[in-house]
Amino acid sequence: MISQFFILSSKGDPLIYKDFRGDSGGRDVAELFYRKLTGLPGDESPVVMVTTGGSGGGVVGMRLHHDDRHFIHIRHSGLYLVATTSENISPFSLLELLSRLATLLGDYCGSLGEATISRNVALVYELLDEVLDYGYVQTTSTEVLRNFIQTEAVVSKPFSLFDLSSVGLFGAETQQSKVAPSSAASRPVLSSRSDQSQKNEVFLDVVERLSVLIASNGSLLKVDVQGEIRLKSFLPSGSEMRIGLTEEFCVGKSELRGYGPGIRVDEVSFHSSVYLDEFESHRILRLQPPQGELTVMRYQLSDDLPSPLPFRLFPSVQWDRGSGRLQVYLKLRCDLPPKSQALNVRLHLPLPRGVVSLSQELSSPEQKAELGEGALRWDLPRVQGGSQLSGLFQMDVPGLPGPPGQGPSASAPLGLGPASLSFELPRHTCSGLQVRFLRLAFRPCGNANPHKWVRHLSHSDAYVIRI
Amino acid sequence: MPYLGSEDVVKELKKALCNPHIQADRLRYRSVIQRVIRMSKLDQWGQAEVLNFLLRYQPRSEEELFDILNLLDSFLKSSSPGVVMGATKLFLILAKKFPHVQTDVLMQVKGPLLAACSSESRELCFAALCHVRQILHSLPGHFSSHYKKFFCSYSEPHYIKLQKVEVLCELVNDENVQQVLEELRGYCTDVSADFAQAAILAIGGIARTYTDPCMQILTELLGLRQEHITTVVVQTFRDLAWLCPQCTEAVCQALPGCEENIQDSEGKQALIWLLGVHGKRIPNAPYVLEDFIENVKSETFPAVKMELLTAVLRLFLSRPAECQDMLGRLLHYCIEEEKDMAVRDRGLFYYRLLLAGISEAKQILCSPKSDPSLRLLEDQAERPVNSWALDFNTLVPVYGKARWATIAKCQGVEHHGPELPNTAVFPTSGPLIPEENKERVQELPDSGALMLIPNHQLTAECFEKTWLSLKVAHQQVFPWQGAVHPDTLQMALQVVNIQTIAMSRAGTQPWKAYLSAQDDTGCLFLTELLLEPANLQMQISVKQSEARTETLKSFISVLETVIGTIGDIKS
């Protein structure tokens, strides 16, 4: 049960404010929240915060029935979605509700953002009215809600050719290698009263997050893949679709399928609208998704990866204690298949304190390296599979004392490393999971076949290499 | 409520569950519950709510209990973390008499919790981490094989990193200690000073069990010579030396040299404490302390000065030759120049303690150097699951138990008690001797509630009888130098209306005197003065006819003043 819900912009301006129970007063609560959030001491978590009505020296301005109020918030695309409650409720449910609200708002307004929210204030309030009643959740299903929501979303973004260049979520290549603009998916799901024909699209994304830890001797300490199959459907609710996954897909350590190495994951969970009757035999997910966005399947894989890791880093460090000169030579090898590539690769290498100068020799001109916040940042916009890139960095670290012993040494000074990489791998899944097909049972009357967009993507969550 | 859940049945059932009449009738309630938990078409919010309702239900028999658990089992596999956690809580509470069932449930929930810990939503991740810590309190080994999931990545926000470090610190065991320490060591040089310090403290925590590898890492960190690292490492050393005596040797070897990199109060205090208590084993301890004494004038923190006083005195007791001179200088500074009263009083106290004799000072200051038993109190591991089952899936673990308690008390501001200095000095029995004796004498007549009757007379026989029948109410020792002039003392005592019953002649050893006084309520104060010149101290024993501590205190202070004054004149 929540008392209030509000949305703040990243600068703390209240965009939406709704009081469900009238038991706690005033819009200044939103202000109070932001003040508390920004003034928080470093070791406290901002996820839950408390304010007490009694104390606080008139900060709140009114006394509640001598009890306190908890703020629970999530940050979503630069916005703060905050709920207040005076009860000791389940944090999991509430956080889930907030993120579900974020998804819903995204579905209805196109995409979630400061501009879209302020353009669609009426719609947002209408939605909140239906989702929550007196602070209790009624429903968050798009299907049910669509019967009650009358306001049309205001979309101002015109289609722009420039959007083609950047690859965003939900919009990439299909099997026919047609390209949808990356903004294609960021439109409201439910403004379907007018032009019906345009809207029959389905976006399916297989997104994997990779976290890896490699020891300084090159041995692999940890591999963790968190995968999701996300679906954004603009089809009418209840239309059935079938998603075929790679047949060698095995769940658990013991299962064995096919003859090859197989694609093995440790744990899988499915959305409740998924029917699994064909999963055992043919690895087909049958589902009747509601309109909007949902996560069809979540899976995790740890420790053994079927394919080689996308990147290997071979560092060598020369450290001359006498002159305080530190020389770092980094060789980055991309072990992807030659046809694929990695985008927006960035290497982050923390340096010892007191590094003053940097000279660099990079293997290609499009790379960039710079110092910032006590770390070296090496940007590689594009790395082709199978290629090898290198960078030689020389730094002066005058203040760094070391144990006695002059002359260059190969040991790294404390404070150097570990290096972490961030990158995106389009058209690649680290687990090897692929969507074989996406079939729709839905036949629109008289219209063309609905468009299906399927995309695979891996990106780094934490790719850490110790030096 | 319109369109609640997905069916009318849901509505009806929910209403029924809230209906007091149905709640009162166990049979009906039971059948409703059976129907509720067999419903499959609830959405996740409905499921969470039903699980919440069911918390109120008390199954009648074991059979029914397991029936319910079986029916609810599917909720544990739900894809919504809210439902999973709700079900877990319900299971833990229902199975409160079956620890093995509870352990089983916690095993099942491991997967979903770990998934939530690595979830993309930071907030969810944080809540899950808090619950992981809660579980670890009861089952320390529960997540040990998954320690890698709790390694931090540099892009994570601060509050998640701190939680993860705490979790790592708690799940460490023989198998993963090497890897966990390796990981934590990387954090110690993090750009964020707060995070680095948290990591160092975590290593310190692990060092209580796995001393050697941790000590090695901590010693290495000192080599970085960075202020924010050195200060925390030294504080960790202090705690380790106190809790694990076996670390002391290593700590003493690591300490020399780190004084150059400590600037803050906490770090200085820790270093000075270590030098004082374990100075015997640190060759250069006196020199380091001497540097601190040289700079004591510019020292801004009174707590550091207090610590310094204690440490120098302690070191003096174990290495007198090297410390005598600087102890004198420090005491002189503290008594003559120091503005902070607490420091000054501490200086005076130590001064008088030394006057009382070296053996006494030793007795008081050379307290135990470590206390491993404190550690046992600290980690009361294996707390039963039932102690927190009710708090599971609420805000309590998210806030942390301590913070929740303050919140619950509705005291908005967190209360921090005044920090006590970390010295191991025993509380002294009795007030310190005042310095401005003369002024105090004049104040005396109107100072307290005590009014001594001017012309009180007591015969020697009467005194003896009363003296033997009473017990000593108070005993105290005053410093005293030189011989006694009985007449002077008698005169001085008469001024404050204390009658002298008997007195040894001047020069006798030991010298004794018996005094008596009576206040306006008729309470008698009988006193024995005993002077042993060899000890340079005067011992007084006071007996009181009526036990009243207030007046006794006042009387002692009167006596004290007189003796102090006379003693001063003599010396």
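**Interface between chain B and chain A**

A:R209 and B:E120 form a salt bridge (a side-chain nitrogen of Lys or Arg within 4 Å of a carboxyl oxygen of Asp or Glu), with their closest N and O atoms 3.9 Å apart. The model is predicted: local features need pLDDT of at least 70, side-chain atom pairs count only at pLDDT 80 or more, and totals for chains, interfaces and linings use all residues. Residues are numbered from 1 along each chain as its sequence is written, chains are lettered from A in the order in which they are written, and side-chain values use heavy atoms, with hydrogens and water left out.

Across the interface of chain B and chain A, 4 salt bridges are found. The contact (heavy atoms within 4.5 Å) involves 65 residues of chain A and 58 residues of chain B. About 5300 Å² is buried between the two chains, 58% of it from carbon and sulfur atoms; this buried area is the accessible area (1.4 Å probe) lost by two parts on being put together, summed over both.

On the side of chain B that touches chain A, 26 residues are nonpolar, 19 polar and 13 charged. Here Ala, Val, Leu, Ile, Met, Phe, Trp, Tyr, Cys and Pro count as nonpolar, Asp, Glu, Lys and Arg as charged, and the others, Gly among them, as polar.

Chain B contains 28 helices and 5 strands, taken as DSSP runs (helices H or I, at least four residues; strands E, at least two) numbered from the N terminus. Of its 571 residues, 51% count as buried, that is, under 20% relative accessible area (1.4 Å probe, protein chains only).

Definitions and conventions: Buried means under 20% relative accessible area, exposed over 50%, partly exposed in between (1.4 Å probe, protein chains only).
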